[in-house]
Amino acid sequence: MTLVTLSPAETRAAVDAGARLIDIRGADEHAREHIPDAINVPLDRIGELPHDGSPVVFHCKSGMRTAANVAQLGAAAGSGPAYVLGGGIDAWRQAGHPTVADRSQPLEIMRQVQITAGSLVLTGVLLGLFVAPGFFGLSAFVGAGLIFAGVTGWCGMANLLRVMPWNRRAAA
């Protein structure tokens, strides 16, 4: 199934005409920045979207997640018209439309994983070069964890970071 892609201006007009704007990003991403009146239904819960026949416009950050999941989104929309905001919230913002940003919210979990994993790999390499070769094992361990996360879809580091004190507010 192919969903019609709308520009930010077309999306604004569709929303003004009664379309529901559905943000398929995670709750942590939505809490940090979102389009006003967008309803957050993360992709892993998109099947819970009510089928009332009204038009829906799906969006993510850059448009890549919506493009990669059009079949699932089309099925979730039911029999009503369904669209995608081309370029996601990034395009919306670049077009000069307002967003609600709360920088007091923690960074998105996946960005935290990237920062933490990158820091651990760099630390392992530097310690391995300048202190003792055994520290290269830290980099290998993190690399193996990332491979495991990619293959299984389960990321231990993300789950650990999610329960850290600075992330508890976003989860509530």
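This is a predicted model: local features need pLDDT of at least 70, side-chain atom pairs count only at pLDDT 80 or more; totals for chains, interfaces and linings use all residues.
**Overall picture**

- The protein has nine helices and seven strands; these are DSSP runs numbered from the N terminus, with helices being H or I of at least four residues and strands E of at least two.
- Its C-alpha trace spans about 65 × 30 × 30 Å along the principal axes.
- Of the 172 residues, 38% are buried (buried means under 20% relative accessible area, exposed over 50%, and partly exposed in between, with a 1.4 Å probe and protein chains only).
- Taking contacts between residues at least 6 apart in sequence, 70% join residues at least 24 apart (a contact means heavy atoms within 4.5 Å).

**Helix α1**

- In α1 (residues 8-16), the buried residues include Pro8, Thr11, Ala14 and Val15.
- These cover an arc of only 120° around the axis, so they sit on the same side of α1 (the arc is that of the directions from the helix axis to the C-beta atoms).
- Ala9 and Asp16 are exposed on the other side of α1.
- As a reminder, an α-helix has 3.6 residues a turn, so residues three or four places apart point the same way.
- The buried residues of α1 are covered by elements including β1 (4-6), β2 (20-23), β5, β6 and α5 (88-94).
- Gly18 follows α1 and has a positive phi, near 115°.

**Helix α4**

- Leu73, Gly74, Ala76 and Ala77 are the buried residues of α4 (residues 70-77).
- They lie on the same side of α4, because their arc around the axis is only 160°.
- The packing partners of these buried residues are β5 (56-59), α3 (64-68) and β6 (82-85).
- After α4 comes Gly78, with a positive phi near 70°.

**Helices α6 and α7**

- α6 (residues 109-130) packs with α7 at an angle of about 155°, and their axes are 6 Å apart (axes are lines fitted to C-alpha atoms, for helices over the stretch in contact, and angles run from 0 to 180 degrees between N-to-C directions).
- Leu146 lies in α7 (residues 136-152) and counts as partly exposed, at 41% relative accessibility.
- Between Leu146 and Gln114 there are 9.8 Å in space, C-alpha to C-alpha, although they are 32 residues apart in sequence.

**The aromatic pair**

- Phe148 and Trp154 form an edge-to-face pair, 6.3 Å centre to centre with 80° between the planes.
- Rings of Phe, Tyr and Trp (its six-membered ring) pair if their centres lie within 6.5 Å; planes under 30 degrees apart count as stacked, over 60 as edge-to-face and the rest as tilted.
- Phe148 is partly exposed at 44% relative accessibility, whereas Trp154 is exposed, with a relative accessible area of 51%.

Conventions. Residues are numbered from 1 along each chain as its sequence is written. Side-chain values use heavy atoms; hydrogens and water are left out.
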